[in-house]
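Subject: Structure handover

Hello,

Here is the structure for your files.

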Amino acid sequence: MPAIRIRTVLAVAALSAALTGVAPGTPAPAVQSPTDGWQQKSFTYAMHKPWNLDLSERYTYDSGSKTHTMWVYSTDEPLEEGSSTDPRTEMRWNQEYTSGKRMWDADVYIPSGTNGADFMQILRVKHPSGTPATDIMLRVSSENGGTVKRYTDQVVKTGVYNKWWNLKVAHDADAGRIRVYADDQLVLTVDDRGPATRHFKNGVYHHGSGRAEARFRNIHYWVQ
């Protein structure tokens, strides 16, 4: 290489290092995952479904792809006979907690047409009187090719219909903070609703009309 070209290359490299603070040839820093520093744990769950139906009428599990599929209709009965709650088919996690850090992690697939259904929540199963029953609920609606919001306000992700994507919900119960990650990108940080005993739920809790469905695979439970 001619000497003048060598000097030009070195000058460009030196300028780049001065501007970025990174010396030429320095390896790029590793991208941090939301689960770095967390420990994966096993989890168990019970199934919730319309009280008058067999579970097989609203839930399937594909052992090959390890995919849980849950659906419900707006005309279905609630979880318990006589209840005024909306119909649901959900995995109710048995792991309850009052402190520490917990993370729910799964790939999610929501078919088009599912509108007005909560598909993931942190339920405050024991909470002080007068405080909300949930710390967070993630609901899908039909706008923009499927939009996920925290309840009905803050947008988490758009264009979710008919595709797999990853969702992580990390709760620091000691600090009272919840972080939501879509495809490993932090998209939302919110406060929880105060001290309580909680657990995770995922499936379809339907507040809209027609059929609601959600599928889940690669489900993981993380603790820190």
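Overall make-up

The model is predicted. Its chain is 224 residues long, and 44% of them are buried. The secondary structure consists of one helix and 15 strands. Among the contacts with a separation of 6 or more, 66% are between residues 24 or more positions apart.

Largest pocket

The volume of the largest pocket is about 220 Å³. Its lining is made of 13 residues, and those closest to the centre are P34, W38, M103, R179 and Y181. Strand β11 provides the largest share, with three residues. Sorted by class, the lining holds five nonpolar, four polar and four charged residues.

Aromatic pairs

There are nine aromatic pairs in the structure. One of them joins F43 and Y45, with 6.2 Å from centre to centre and 35 degrees between the planes, and is tilted.

Another pair is formed by W93 and Y221. Their ring centres are 5.6 Å apart and their planes stand at 80 degrees, so this pair is edge-to-face; the cut-off for that class is over 60 degrees. W93 belongs to strand β5 (residues 88-93) and Y221 to strand β15 (residues 211-223), so that the pair links distant parts of the chain, 128 residues apart. Both W93 and Y221 are buried.

The two pairs belong to one cluster, in which ring pairs link F43, Y45, W93, Y97, F200 and Y221.

Charges over rings

Two arginines are placed over aromatic rings. The charged end of R88 sits over the ring of Y205, at 4.2 Å from the ring centre. R217 lies over the face of W164, and here the distance to the ring centre is 4.0 Å.

Two buried strand residues

V148 is part of strand β9 (residues 147-150). With a relative accessible area of 0%, V148 is under the 20% limit and therefore counts as buried. Between V148 and T158, which are 10 residues apart in sequence, the C-alpha to C-alpha distance is 6.2 Å. Which residues does V148 touch, leaving aside its neighbours within four places in sequence? V148 is in contact with F119, L138, R139, V140, Q154, V155, V156, K157, V160 and W165.

M70 is found in strand β4 (residues 67-73). The relative accessibility of M70 is 0%, so M70 is buried as well. R58 is 12 residues from M70 along the chain, and the C-alpha atoms of the two are separated by 5.9 Å.

Regards

Technical notes. Residues are numbered from 1 along each chain as its sequence is written. This is a predicted model: local features need pLDDT of at least 70, side-chain atom pairs count only at pLDDT 80 or more; totals for chains, interfaces and linings use all residues. Side-chain values use heavy atoms; hydrogens and water are left out. On a 1 Å grid over the protein atoms alone, a cavity is a set of points where a 1.4 Å probe fits but cannot get out, and a pocket is an open set with protein on both sides within 12 Å along at least five of seven lines; lining residues have an atom within 4 Å of a point. Grid points are joined across faces, edges and corners, and a volume is the space filled by probe spheres set on the points. Helices (H or I, at least four residues) and strands (E, at least two) are DSSP runs, numbered from the N terminus. Ala, Val, Leu, Ile, Met, Phe, Trp, Tyr, Cys and Pro count as nonpolar, Asp, Glu, Lys and Arg as charged, and the others, Gly among them, as polar. Rings of Phe, Tyr and Trp (its six-membered ring) pair if their centres lie within 6.5 Å; planes under 30 degrees apart count as stacked, over 60 as edge-to-face and the rest as tilted. Buried means under 20% relative accessible area, exposed over 50%, partly exposed in between (1.4 Å probe, protein chains only). A charge sits over a ring if NZ of Lys or CZ of Arg is within 6 Å of the ring centre and within 35 degrees of the ring normal. Contact means heavy atoms within 4.5 Å.
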